[in-house]
Amino acid sequence: VSGSMKKNDPANLRVPALKLLTNLLPKGSPAGVWLFGEKVEPLVAWKPVDKAWQQSALAASNRIHYRGLFTNIGDAIAATSFGWDKPDLHTKRSIILLTDGMLDVSKAPGKNEVARRKLMDADLPQLKASGAVIHTIALSREADAELLGKLSGATDGWFQSAEKAEDLQRIFLKIFEQATARDSLPLANNRFKVDASIEEFTLLAFRKSDSTPTTLIAPGGKS
């Protein structure tokens, strides 16, 4: 949430991207959302996902802002991975990190390099040993693509570069599919079949703003 986001995400498209993830997260999976600039701020509490959690996250997403001063990537990763000090064979641990800048904690000479070395030499090996996978998204050419690529590469995660904020929803979806086990349905000739045992499904359609609105036709013919 550093001030540079006002330039790189002027329409605050981080909000619909987060809402997309919120609606897709599997029920019962623990999840949380954090904002970071010079400090790390919990946006949505780390809890098992249920309807109340999703409603809270949807409302909280509108509090995403541009008022941060720095880009403290190290503290952000430390906050999101709190308690991940040893592997859990029954849990898949994933971090999705979005930033538009370099690791930046201070204007004092040398402090940024110290923070970078701590992240790479101490924190990253521990995260890797805990089984965590870090997926990273660089929003802007000013983002530290080298650092983000190393974080993802060392943990078998994905690194994605977004040329513009309009790409965020597609990128979030692409990474989400890597991070989370979800059932999906094949689309053939613009049709898909839903088993009678399914009580709820989410349909996600991307289209250009000036294109014809998407229409869903139910088996009975109702649009």
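At what angle do the axes of α2 and α3 cross, and within what distance do they come? In this predicted model, the two axes cross at roughly 180° and come within 9 Å. The legends below take this pair and several other details in turn.

**View 1. The packing of helix α2 against helix α3.** With the axes of α2 and α3 crossing at roughly 180°, and angles over 145 degrees counting as roughly antiparallel, α2 is roughly antiparallel to α3. On the α2 side the contact is made by Lys19, Thr22 and Asn23, while α3 contributes Trp53, Gln54, Ala57 and Leu58.

**View 2. The packing of helix α2 against helix α7.** Helix α2, residues 14-24, and helix α7, residues 168-179, pack at an angle of about 30°, and their axes are 9 Å apart. Because angles under 35 degrees count as roughly parallel, α2 and α7 are described as roughly parallel to each other. Their crossing is right-handed. The residues that meet are Arg14, Pro16, Ala17, Leu20, Leu21 and Leu24 from α2, and Leu168, Gln169, Phe172, Leu173 and Phe176 from α7. Of the residues in the contact of α2 with α7, nine are nonpolar, one is polar and one is charged.

View 3. Helix α2 is mostly covered, since eight of its 11 residues are buried. These buried residues are Arg14, Val15, Ala17, Leu18, Leu20, Leu21, Thr22 and Leu24. The elements that cover them include the helices α1 (5-8), α3 (51-60) and α7, together with the strands β1, β2 and β3. Arg14, Ala17, Leu20, Leu21 and Leu24 also take part in the contact with α7, whereas Thr22 belongs to the contact with α3.

**View 4. The hairpin of strands β1 and β2.** Strand β1, residues 30-36, and strand β2, residues 40-48, run antiparallel and are joined by six bridges. The hairpin that leads from β1 to β2 passes through three residues. Phenylalanine 36 of this view stands opposite valine 40 in β2.

View 5. Glycine 28 is placed in the loop between α2 and β1. Its relative accessible area is 47%, so glycine 28 is partly exposed. When residues up to four places away in sequence are not counted, glycine 28 touches Pro48 and Val49. Glycine 28 and lysine 47 are 19 residues apart in sequence, and their C-alpha atoms are 8.6 Å apart in space.

View 6. Three strands with parallel pairing form an open sheet in the order β3-β4-β5. Strands β3 (94-99) and β5 (159-162) are its edge strands, each pairing on one side only. Neighbouring strands of the sheet are turned against each other by 15° on average, with direction ignored. Strand β4, residues 133-139, pairs with β5 in the parallel sense over four bridges, and leucine 139 stands opposite alanine 162 in β5. Helix α6, residues 145-154, packs on the sheet and touches β3, β4 and β5, its direction making about 160° with that of β4.

**View 7. Lysine 150 on helix α6.** Lysine 150 is found in helix α6, and its relative accessibility of 41% means that it counts as partly exposed. Leaving aside neighbours within four places in sequence, lysine 150 is in contact with Met120 and Leu124. Glutamine 126 is 24 residues from lysine 150 along the chain, and the C-alpha atoms of these two residues are separated by 14 Å.

View 8. Serine 140 lies in the loop between β4 and α6, and its phi is near 115°, a positive value in a residue other than glycine. With a relative accessibility of 11%, serine 140 counts as buried. Asparagine 190, in the segment after α7, likewise has a positive phi, near 65°, in a residue other than glycine. At 71% relative accessibility, however, asparagine 190 counts as exposed.

Technical notes. Residues numbered from 1 in each chain as written. Predicted model: local features only at pLDDT ≥ 70, side-chain atom pairs only at ≥ 80, totals over all residues. Heavy atoms only, no water. Axes fitted to C-alpha atoms, helices over the stretch in contact; angles between N-to-C directions. Helix = DSSP H or I, 4+ residues; strand = E, 2+ residues; numbered from the N terminus. Parallel < 35°, antiparallel > 145°, perpendicular 65-115°, else oblique. Left-handed = near helix turned anticlockwise from the far one by under 90°. Contact = heavy atoms within 4.5 Å. Nonpolar A, V, L, I, M, F, W, Y, C, P; charged D, E, K, R; others polar. Pairing = 2+ DSSP bridges. Buried < 20%, exposed > 50% of the residue type's maximum accessible area, 1.4 Å probe, protein only.
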